[in-house]
Amino acid sequence: MFASLSAVFARRRGAARFAVTTLATGLVTASALAGAGRAAADETTRSQALSQTGSQAEGQAGGQVEGQAEGQGGAAATIAGLKTYGTAVIHGAAGEQQVSAGLFEMSVEGGGMLQTYCVDLHNPTQRDAKYHETPWSGTSLGVNKDAGKIRWILQNSYPQVNDLAALARKAGVRGALTEQDAAAGTQVAIWRYSDDVAVDALDPQAEQLADYLQKSARALAEPRASLTLDPPAVSGRPGERIGPVTVRTTAGGVTLTPPTDAATTGVRIVDRRGEEVTSASDGGQVFFEVPEDAPAGSAALTAQASTTVPVGRAFASESRSQTQILAGSSESTVSATAGAAWAAEGPLPALSAAKNCAEGGVDVIASNKGDEPFTFDLVGLEHTIAPGETRTITVPLGEDQAYDFTVHGPGGFTQRFTGMLDCRTQAAEPATSTQTLTEPSPAALGSAADTNLAETGSSGLTPLIGGMAVVLVLIGGATLIVLRRRETPAGD
């Protein structure tokens, strides 16, 4: 399958592009100014949230831990933009809008490429946004009864089905089906289930494909994660094996990287028999073996593999960029991290967190394997975890709310969780572009004069930039007229 996916990546053509005629001088200058303003806005957004995928600082038990992973693992990627697409029409009370509809591409950290469709129509896509593989429960798919039908569409359409002639026959499409038609039709069918929106493909062949996919879709189960470590946080006493941590992966095997200071602390990663291990397979269990005389502390284990990410996995961003769902994957790097903490006496806390869209908040999972209760403060409320107890505490949050809270416990214990809750697609009419900065923005049907560059990520500089662009175009036009007059021979 990926041979065809590679061919799609290589061709990189786009259909149904909006025609905008202007002078190059004005367009290039205005684009540069717009990019500078948006880059500043994007950087501000990125600085407000830490990555949630596998980052964990090492420190002493009872000390400070920042950026604790939310229990997620898998692929991390940067969105490259909308690459193979056509045009769709959104029908709403405010009128009709045209949007680009099709396949995005992402480059995977560590190597690999992904193709995705959008499942978050009315939210913007930020330039170069960072994404991470996410359970459906951490996105709008977790509260969408039709999420399984979206997975069926992905598995039964382009690019998973790359014989477009066969796909056209099966869908009853009259006429040739291009890659742009196939991508647009597939995206439109997905939007009808992901966003519950009245949307059609502008091209007749793409619309016929969308209708077929929508009517034929059947619910499928959520695909497995490409790689996770379960649980992402464990605790125990020095002199014992702390764990187990179970490897769950679709890869044939994973490489295990021990703690960075293992040589000095003596902490080893071992199997159930106590033998040191550097690799594991799906379902394998590993432990942190801590020397008996080790002082209170903590360590982190990283697992990494190369595999194709399962079709239907969700990808979310912490920079307020529209949620994506996987349509195709090359061989890609995936990773996950688990942490362990230990102390000779007292409470032994282990904390992790995960977004819970069904409850509209973030679940903090707290366990205590010590011999004393663990009492901590979470967003102003005190909680006590008894020895041997594990409890999930849901912190309610507003939609699209960035969160940054720290758990405070005895002995100077602090652990920080940050991110953004993005659990719903907007029910209101879209106010801004639904696609990337480099793609066309929505425009009222029949109003080509209103077609603009995408407004996603725009700031207060937008009106100034637009005005300067007009001025530059006029200046460029006047310059051409003057030059032509100078070149005209006398008497002509």
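Asp196 is exposed, with a relative accessible area of 70% (exposed means over 50%, buried under 20%, partly exposed in between, with a 1.4 Å probe and protein chains only). Its place is the loop between H5 and strand S6 (199-201). Helices (H or I, at least four residues) and strands (E, at least two) are DSSP runs, numbered from the N terminus. Phi of Asp196 is near 50°, a positive value in a residue other than glycine.

Val379 also has a positive phi, near 45°, and is not a glycine. Val379 sits in the loop between strand S20 (374-378) and strand S21 (381-385). Its relative accessible area is 48%, so Val379 is partly exposed.

## Basis of the model

This is a predicted model: local features need pLDDT of at least 70, side-chain atom pairs count only at pLDDT 80 or more, and totals for chains, interfaces and linings use all residues. Residues are numbered from 1 along each chain as its sequence is written, and side-chain values use heavy atoms, leaving out hydrogens and water.

## H5 against H6

Two packed helices are described by the angle between their axes and the distance between the axes. Helix H5 (residues 179-194) packs with helix H6 (residues 204-216) at an angle of about 40°, and the axes are 8 Å apart. Axes are lines fitted to C-alpha atoms, for helices over the stretch in contact; angles run from 0 to 180 degrees between N-to-C directions. That angle makes H5 oblique to H6 (under 35 degrees is roughly parallel, over 145 roughly antiparallel, 65 to 115 roughly perpendicular, the rest oblique). The crossing of H5 and H6 is right-handed, a term for the near helix being turned clockwise from the far one by less than a right angle.

In this contact (heavy atoms within 4.5 Å), H5 contributes Asp181, Ala182, Ala184, Gly185, Thr186, Val188, Ala189, Arg192 and Tyr193. H6 contributes Gln205, Ala206, Glu207, Leu209, Ala210, Asp211, Leu213 and Gln214. The residues of the H5 contact with H6 divide into 9 nonpolar, 4 polar and 4 charged. Nonpolar covers Ala, Val, Leu, Ile, Met, Phe, Trp, Tyr, Cys and Pro; charged covers Asp, Glu, Lys and Arg; the others, Gly among them, are polar.

## H3 against H5

Helix H3 (residues 147-155) and H5 pack at an angle of about 170°, with axes 9 Å apart. H3 and H5 are therefore roughly antiparallel. Lys149, Ile150, Ile153 and Leu154 of H3 meet Thr186, Ala189, Ile190, Tyr193 and Ser194 of H5. The residues of this contact of H3 with H5 comprise 6 nonpolar, 2 polar and 1 charged.

H3 is mostly covered, with 7 of its 9 residues buried. These are Ala147, Gly148, Ile150, Arg151, Trp152, Ile153 and Leu154. The buried residues of H3 pack against strand S4 (113-118), H5, H6 and strand S16 (324-329).

## Leu164 in H4

Leu164 lies in helix H4 (residues 164-171). Its relative accessibility is 14%, so Leu164 counts as buried. Not counting residues up to four places away in sequence, Leu164 touches Tyr158, Leu177, Thr178, Glu179 and Ala182.

## Cis peptide bonds

Asp230 and Pro231 are joined by a cis peptide bond, with omega about -5°. Pro231 is in the loop between strand S7 (227-230) and strand S8 (233-236). A cis peptide bond also joins Gly243 and Pro244, with omega about 0°. Pro244 is found in strand S9 (residues 241-249).
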